[in-house]
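Hi everyone, thanks for coming. I'd like to walk you through one model today, so please have a look at the screen.

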Amino acid sequence: MMGSADAKALDILENCFEWNRDRKLIRKIRKEVEDFERWTEMEAAEMLRGKRQQQETGK
């Protein structure tokens with residue numbers, strides 16, 4: 001999501017989710033992921049609407 005997945009980032013996530021569960025950080029990460037998913041769905045829907053409009057005006 002953030003454009004990187006290096007070993008350090010994966011180690012932090014593994015530590016947070018597996019070894020030393022940090023509920024506050026887990027909630028924060030989940031919220032960020034859910035927000036990103038909603039944004040992605042909205043962007044995709046907008047792109048599809050634009051494509052349909054182009055197809056309708058191009059006929």
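Let's begin with the salt bridges: the structure holds three of them. Please keep in mind, as I go, that this is a predicted model.

Take glutamate 32 to start with. Its partner is lysine 28, and the closest N and O atoms of that pair are 3.6 Å apart. As for solvent, glutamate 32 is partly exposed, and its relative accessible area is 33%.

Now move along to aspartate 35. This residue forms a salt bridge with lysine 31, where the closest N and O atoms come to 2.8 Å. The spacing is again four residues in helix H2, which puts aspartate 35 and lysine 31 about one helical turn apart. Aspartate 35 also has a salt bridge with arginine 38, with 2.6 Å between the closest N and O atoms. Here the step is three residues in helix H2, and arginine 38 and aspartate 35 are likewise separated by about one helical turn.

So what do Lys31, Asp35 and Arg38 make up when you put them together? They are linked in a network of salt bridges. Looking at how open these positions are, aspartate 35 is partly exposed at 30% relative accessible area, and arginine 38 also counts as partly exposed, at 45%.

Next, the charges on the surface. Which residues gather in a patch of positive charge there? The members are Arg21, Arg23, Lys24, Arg27 and Arg30. Let me pick out two of them. Arginine 23 lies in helix H2, which covers residues 23–57, and arginine 23 is exposed, with a relative accessible area of 58%. Arginine 27 has its place in helix H2 as well, and at 56% relative accessibility arginine 27 counts as exposed.

Leucine 25 is another residue of helix H2. Is leucine 25 buried, partly exposed or exposed? Leucine 25 is partly exposed, with a relative accessible area of 28%. From leucine 25 to alanine 9 the C-alpha distance is 14 Å, and the two are 16 residues apart in sequence.

Let's go back towards the start of the chain. Serine 4 lies in the segment before helix H1, and that helix spans 7–19. Serine 4 is exposed, at 53% relative accessible area. Its C-alpha atom is separated by 18 Å from that of glutamate 34, a residue 30 positions away along the chain.

Now let me zoom out to the whole chain. How many helices and strands are there? The protein chain has two helices and zero strands. The radius of gyration is 18 Å, well over the 10 Å that the globule rule gives for 59 residues, so the chain is more spread out than a compact globule. Along the principal axes, the C-alpha atoms fill a box of roughly 60 × 20 × 10 Å.

How much of this chain counts as buried? Of its 59 residues, 3% do. The accessible surface comes to about 5700 Å², and 54% of that belongs to carbon and sulfur atoms.

One last point on charge. The chain carries 13 positive and 13 negative side chains, and the centres of these two sets lie 4 Å apart.

To recap, then: there are three salt bridges, with Lys31, Asp35 and Arg38 linked in a network, and a surface patch of positive charge that includes Arg23 and Arg27. The chain itself has two helices and zero strands.

Notes:
Residues are numbered from 1 along each chain as its sequence is written. This is a predicted model: local features need pLDDT of at least 70, side-chain atom pairs count only at pLDDT 80 or more; totals for chains, interfaces and linings use all residues. Side-chain values use heavy atoms; hydrogens and water are left out. Patches are made of residues with over 30% relative accessible area and no salt bridge: like charges are joined within 9 Å, nonpolar side chains (Val, Leu, Ile, Met, Phe, Trp, Tyr) within 5 Å. Accessible areas come from the Shrake-Rupley method with a 1.4 Å probe; for residues, only the protein chains shown count as cover. A salt bridge is a side-chain nitrogen of Lys or Arg within 4 Å of a carboxyl oxygen of Asp or Glu. Lys and Arg count as positive and Asp and Glu as negative; His and the chain ends are not counted. The place of a charge is taken as NZ of Lys, CZ of Arg, CG of Asp or CD of Glu. Buried means under 20% relative accessible area, exposed over 50%, partly exposed in between (1.4 Å probe, protein chains only). The radius of gyration is taken over C-alpha atoms; the globule rule is 2.2 Å times the number of residues to the power 0.38.
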